[in-house]
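Subject: Structure for you to look at

Hello,

Please open the structure below and keep it on screen while you read. My notes follow it.

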Amino acid sequence: MVVERSLDNPLGLTYALEGDASVVVGDRVVVPLGRGNASAEGFVIAIEVTPSIDPSKIKPIKSKMDIGLPPALIELAQWLSRYYCCPLGMALSTMLPAAVKRGTGTVMRTEIERVAAADQPAEAVKLTPSAAGAWSAIEALPDSVFPLSAKRLAGKVEERTVGPINKLISAGLLREIQRKHIRAPWAEHAVEPPRGFTLTDDQARAVDGVVATLGSFQTHLLHGVTGSGKTEVYLRILDDVIARGEGAIVLVPEISLTPQTAGRFIGRFEEAGVAVLHSGLTASQRHQQWANVASGAARIVVGARSAIFAPFDGVNAAKLGLIIVDEEHDGAYKQSELPRHNGRDVAIKRGQIEGCPVVLGSATPSLESYHNAKAGRSTLHELPERVGGAKLPRVEVVDLAEELRGADANARLTLLTPRLQGEIGRALDSGGQVMLLLNRRGYASYVSCADQRCGWVLGCDHCDTTMVYHRAKEIPVGGLLRCHHCLAEQRIPEVCPMCSTRLTLFGAGTQRLEEELPRLFPRLVLGQTMLRLDSDTMRKARDYHEALTRFASGEVRLLLGTQMIAKGLDFPGVTLVGVVNADTAINMPDFRAAERTFQLVSQVAGRAGRVKVADGQRGARVLVQTFNPEEPAIVHAARHDYQGFALQELGHRANAGLPPIGRMARIVVRDEQLPKANQHAGEIVACIRAHASAGLQMKGPMPCPISRVAGKHRVGIELLAPTAGPIQAALAVLRDAKLVKSDAVTAVDVDPIDLL
Ligand code: ADP
Ligand code: ZN
Ligand code: ZN
């Protein structure tokens with residue numbers, strides 16, 4: 001069976017093998033397609049000895065291609081297609097990067113190898129003394145160095161020119177061969193040298209617990225507070241995996257945002273070979289890294305979401321022996337475009353197919369993973385303390401309503417309360433470093449009429465959202481309004497178009513904060529002693545890397561930014577973390593709002609106080625500004641009480657039948673005309689009703705919280721059930737009835753994490 005590559009319409013077809021041709025599942029083949037027998041490429045997904053259709057109608061395969069996928073990935077693609085309701089062709093195409101298919105960066109190189117003794121000229125050739133000397137040195141080299149370029153060979157035997165090598169070639173002792181090579185210039189990587197810590201008892205227990213399960217499928221949850229040494233636990237488990245001759249995949253949320261972590265793996269496992277796979281690679285780099293895994297040259301893959309499809313096969317490549325998902329709670333594992341999937345859940349499925357353990361690690365595990373551990377589906381390992389005697393920082397919650405009561409109008413406009421200002425001053429005075437989190441880009445999140453009776457708010461013409469105000473260098477006066485959903489831009493109007501009153505800005509973002517800080521602290525100079533980290537300033541991985549290097553060196557005293565600064569960074573100099581506004585996520589119309597708030601506050605708090613402080617000295621602090629000081633997510637985060645939060649929140653979810661206690665899928669119907677969207681959604685609902693299995697609950701059709709994006713109305717339907725079964729059954733019915741159409745019309749999201 002071959003699946004044609006066409007994304008929207010993958011065909012399952014049967015072809016014959018002729019003569020002594022042979023294929024295995026996962027091979028890519030060229031086949032004749034349709035009346036004209038045009039060549040099409042596809043994957044072998046199953047082999048039948050007795051064909052199920054009339055043999056005379058079966059056309060033969062034209063040819064086999066060089067590169068395919070391991071059978072385990074074909075199985076994984078079939079699962080992905082079924083579970084996430086996406087075409088099989090698309091799942092397969094995601095697994096084999098385009099750069100690999102095209103062979104980007106491949107060049108032919110001339111290299112030298114030794115001619116076997118039996119094939120050397122019968123009569124010993126007379127060699128010049130210099131060639132004879134080179135030959136005896138070359139004869140002494142181990143086999144493993146060949147083939148290599150003439151220049152490198154000359155270098156190995158300490159010849160200054162390739163002259164003697166050329167003589168040996170004409171003498172028939174060496175020969176030139178052409179070899180494929182992938183040319184991929186590399187940017188430098190942060191490499192941390194190996195270190196030999198003595199593991200803490202908790203770390204050692206976690207390592208032993210996972211190592212005991214190598215060789216079979218088992219999910220582990222490593223719940224370790226920030227700074228508890230989770231990465232060291234991964235590294236020690238990997239030692240065992242490598243010693244077994246196996247390979248491993250280490251997933252990190254977004255590798256360009258975790259250069260420190262990646263560097264540790266690269267430094268530690270140079271010998272076994274580390275490949276990196278992430279979206280920041282050039283096509284030739286991606287091809288090269290993929291090929292290194294496929295050939296067995298690299299046994300450890302560190303990468304973002306897509307690295308879960310690394311081509312380990314246990315034949316040429318290593319056998320996959322372990323999968324690690326670091327910061328497993330991170331939203332970056334969820335892919336919002338087709339094929340929509342969660343890399344963490346795909347990792348668990350791949351572990352099951354390959355028969356290897358899967359380790360999920362986090363200081364703030366997703367409630368999905370915590371629930372699985374509590375239900376006994378995975379093994380929980382806890383690291384409750386920081387390593388090296390460091391303590392979790394003291395977290396103070398600052399009630400913004402209280403602080404602003406009685407304050408004058410000017411004070412009301414500042415983002416930093418006197419309390420937070422005081423702490424920033426103290427931290428800077430004592431030589432500490434500061435991180436400030438404000439999870440909102442731009443200058444102001446919306447613009448509205450200053451006259452409350454009018455209440456006009458500037459919205460996007462194409463979406464049901466407000467436009468975000470950005471200061472732009474190109475526009476000295478005023479600035480730019482940008483829609484974060486469709487990216488439309490416009491200039492800011494001078495006055496309210498309804499009543500001509502002046503306009504005011506609401507919902508301050510990182511650009512505002514960046515403006516306010518130097519006014520309060522003249523020693524903070526943007527770009528010198530202070531940096532802003534968000535997706536507007538950090539366009540490339542290199543920008544981010546450079547910013548972090550400057551912060552690590554101590555030259556930069558303060559980092560401000562969005563959640564980008566909350567991710568896994570380990571800087572010993574940070575003595576103050578300030579959360580400027582903890583409420584950015586709380587009011588989202590999404591049942592995960594509390595969970596996200598807890599994660600964000602805990603994670604950013606975890607950047608402070610990474611080193612032990614001497615007795616009597618002031619420890620690191622975290623200040624959290626909020627209008628909701630009683631909010632359980634904030635109260636628990638301030639107490640570093642993950643379990644308290646998780647149990648309470650799981651209780652709420654259970655009462656409401658929401659994930660992770662129940663399962664969910666979401667269908668969004670999009671159309672420029674609202675009645676059409678409603679009609680289509682109505683048909684979907686009717687179809688599900690007609691076939692619904694017991695236990696399936698349906699909500700909708702209803703307008704999505706953002707009811708229009710880029711000119712299209714959005715109508716949502718939520719499917720809920722205690723288990724995945726009824727939801728999968730309903731989606732299968734819809735697919736058969738052709739009611740879930742191409743992605744532009746209907747989007748199906750199984751286990752959604754974002755309900756906007
Ligand atoms: P986490 O990922 O849990 O936040 P890290 O793995 O970043 O923690 O570890 C925090 C710091 O402690 C790192 O600098 C790491 O090198 C160091 N570390 C880890 N394990 C030990 C240990 N057993 N003894 C001393 N230092 C350790
Ligand atoms: Zn828009
Ligand atoms: Zn107005």
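Is Cys460 buried or exposed? Cys460 is buried, because its relative accessible area is 6%, and buried means under 20% relative accessible area, exposed over 50% and partly exposed in between (1.4 Å probe, protein chains only). Cys486 counts as partly exposed, at 24% relative accessibility.

Before the rest, some ground rules. This is a predicted model, in which local features need pLDDT of at least 70 and side-chain atom pairs count only at pLDDT 80 or more, while totals for chains, interfaces and linings use all residues. Residues are numbered from 1 along each chain as its sequence is written, chains are lettered from A and ligands numbered from 1 in the order in which they are written, and side-chain values use heavy atoms, with hydrogens and water left out.

Cys460 lies in the loop between strand S21 (444-449) and strand S22 (468-472), and Cys486 in the loop between strand S23 (475-482) and strand S24 (489-491), so the pair ties together parts that are 26 residues apart in sequence. Helices (H or I, at least four residues) and strands (E, at least two) are DSSP runs, numbered from the N terminus.

Aromatic pairs

There are nine aromatic pairs in the structure. Rings of Phe, Tyr and Trp (its six-membered ring) pair if their centres lie within 6.5 Å; planes under 30 degrees apart count as stacked, over 60 as edge-to-face and the rest as tilted. One of the pairs is Trp79 with Tyr83: the ring centres are 5.2 Å apart and the planes at 10 degrees, so this pair is stacked. Trp79 and Tyr83 are four residues apart in helix H1 (residues 71-83), which separates them by about one helical turn. Both Trp79 and Tyr83 are buried.

Tyr443 and Tyr469 form an edge-to-face pair, with 5.5 Å centre to centre and 85 degrees between the planes. Tyr443 lies in the loop between strand S20 (433-437) and S21, and Tyr469 in strand S22, so this pair ties together parts that are 26 residues apart in sequence. Tyr443 and Tyr469 are both buried.

Ring pairs also link Tyr370, Phe598, Tyr642 and Phe645 into a cluster.

Helix H20

Tyr642 and Phe645 are also among the buried residues of H20, together with Ala646, Glu649, Leu650 and Arg653. Seen down the axis of H20, the buried residues fall within an arc of 125 degrees, so they line one face of the helix; the arc is that of the directions from the helix axis to the C-beta atoms. These residues pack against strand S10 (219-224), helix H12 (367-374), helix H18 (593-605) and helix H19 (632-638), where contact means heavy atoms within 4.5 Å. Gly657 follows H20 and has a positive phi, near 65 degrees.

Regards
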